[in-house]
Amino acid sequence: MILQTLINLLMNTYDFILSTRRDIVYTDGSCLGNPGPGGWGWLQVDSDKQNSGSCENTTNNAMELTACIEALNSLNSSNLTIRTDSNYVKRGITEWVSGWKKRGWLTANKQPVKNKELWERLDKLNLSKNINWSWVKAHNVDEFNNQVDILARKAAENLTESSFN
């Protein structure tokens, strides 16, 4: 009886741990000039999954949003922590987007929201998953943030190098 109770407790604990496990993903955007050639990148911690891409004429904020969108579109997990060094992304998705939608995609100052199409895509993905959004300091001691920064920057740099070849 006691043994069965312990087994049940362990199984319930294991199920709880599995149900609350979060995949950790780092995202970053880069722009050489603003606007200018840009790159985005993301990587999943404890995995070999990562990706990056570029856009010829963009802004840093658009690349930050694109990095998140590309990561969420690429990963099957629905329980995620997204770590970004962009307060624009973190605050936008956790604080501002609900007000923007209520005001018809206008800011509190009645101006059109910049990058509206990207925000709409990110909002839809955010609502379809269980995401914890976390801000990390850029260009600091976080090795994963530094790695994803390199991915995004190299994507932007490769775009400019290829235009000269």
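This is a predicted model: local features need pLDDT of at least 70, side-chain atom pairs count only at pLDDT 80 or more; totals for chains, interfaces and linings use all residues.
1. Ground rules: local features need pLDDT of at least 70 and side-chain atom pairs 80 or more, while totals for chains, interfaces and linings use all residues. Numbering starts from 1 along each chain as its sequence is written, and side-chain values use heavy atoms, leaving out hydrogens and water.

2. Helix α3 covers residues 87-102, 16 residues in total, and spans 21 Å from first to last C-alpha, close to the expected 22 Å (1.5 Å times one less than the number of residues). Helices here are DSSP runs of H or I, at least four residues, and strands are runs of E, at least two, numbered from the N terminus.

3. There is a bend of about 60° at W96 in α3 (the angle between axes fitted to the seven residues ending there and the seven starting there). Just after the helix, G104 has a positive phi of about 70°.

4. What does the buried side of α3 pack against? Its buried residues, including Y88, I93 and W100 (under 20% relative accessible area, 1.4 Å probe, protein chains only), pack against α2, β4, α4 and β5.

5. N145 sits in helix α5, residues 143-164, and counts as buried because its relative accessibility is 0%. Beyond neighbours within four places in sequence, N145 contacts Y26, D85, V136, K137, A138 and H139 (heavy atoms within 4.5 Å). The C-alpha atoms of N145 and D28 are 7.7 Å apart, though 117 residues separate them along the chain.

Terms used
Buried means under 20% relative accessible area, exposed over 50%, partly exposed in between (1.4 Å probe, protein chains only).
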